[in-house]
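Student: Give me a close look at a single part of this model. What does each side of it face, and how does it sit against the rest of the chain?

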Amino acid sequence: MARDNEWKNLGGLVFSTNPDVNLNQQEEEEETLDAADQKLRIWLDRKKRKGKAVTLITGFEGNDEDLKGLAKSLKTYCGVGGSAKDGEILVQGDQRDKVLKFLLDKGYSQTKKSGG
């Protein structure tokens with residue numbers, strides 16, 4: 001069974017003709033930028049959601065653990081649901097003003113409302 005876990009850690013790589021490829025390499029975890037260095041944008045999005053609005057926060061640079069922690073804080077603050085993946089946070093409903101206030105209070109000084 002240990003062999004199965006080794007294959008999963010390769011990210012789907014089965015064979016390579018590249019002599020420089022290292023099959024035993026571990027992915028380095030991305031470091032999260034400081035709050036003041038993050039350039040976050042807050043959008044109102046209705047695409048592919050049957051007309052329901054969500055607040056979309058894009059531009060987060062860091063690891064998934066920090067992204068999910070920020071998303072949880074935002075959802076709790078706004079009192080709604082949502083999700084976080086691929087550097088984006090979705091918060092249900094039009095929460096742009098609340099999200100902007102929360103992020104600015106937490107030190108995300110380069111945060112802006114964009115579009116719409």
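Tutor: Take helix α3. On one side of α3, D97 and D105 are exposed (over 50% relative accessible area; buried is under 20%, partly exposed is in between; 1.4 Å probe, protein chains only). Helices here are DSSP runs of H or I with at least four residues, strands are runs of E with at least two, and both are numbered from the N terminus.

Some ground rules come next. This is a predicted model, in which local features need pLDDT of at least 70 and side-chain atom pairs count only at pLDDT 80 or more, while totals for chains, interfaces and linings use all residues. Residues are numbered from 1 along each chain as its sequence is written, and side-chain values use heavy atoms, with hydrogens and water left out.

Now the side opposite D97 and D105. Helix α3 spans residues 96-105, and its buried residues are R96, V99, L100, F102 and L103. Viewed down the axis of α3, these buried residues fall within an arc of 165°, so they line one face of the helix. The arc is taken from the directions that run from the helix axis to the C-beta atoms.

What covers that face? The cover includes β1 (41-45), β2 (54-58), α2 (64-78) and β5 (112-113). Contact means heavy atoms within 4.5 Å. Helix α3 lies across β1, β2 and β5, and runs at about 165° to β1. Such angles run from 0 to 180 degrees between N-to-C directions, with axes fitted as lines to C-alpha atoms, for helices over the stretch in contact. Helix α2 lies across β2, β3 and β4 (88-92), at about 15° to β4.

The sheet itself is open. Its five strands follow the order β3-β4-β2-β1-β5, with mixed pairing. The edges are β3 (82-85) and β5, each pairing on one side only. Two strands pair if DSSP finds at least two bridges between them. Strands β1 and β5 run parallel and are joined by two bridges. There, R41 stands opposite K112, and I42 stands opposite K113. Strands β1 and β2 are antiparallel, over five bridges. In that pair, D45 stands opposite V54 of β2.

Next, follow the chain out of α3. G107 comes after the helix, with a positive phi near 100°. The loop between α3 and β5 also holds T111. T111 counts as buried, because its relative accessibility is 7%. The side chain of T111 reaches the backbone oxygen of Y108 at 2.8 Å. Beyond its neighbours within four places in sequence, T111 is in contact with L40, R41, I42, L100, L103 and L104. Of these contacts of T111, L100 and L103 are also buried residues of α3.

Last, the whole chain. It has three helices and five strands, and from the N terminus on the elements run α-β-β-α-β-β-α-β. Of its 116 residues, 26% count as buried. Among contacts between residues at least 6 apart in sequence, 52% join residues at least 24 apart.

Definitions and conventions. Polar contact = N/O pair within 3.5 Å; in protein donor to acceptor, adjacent residues only side chain to side chain.
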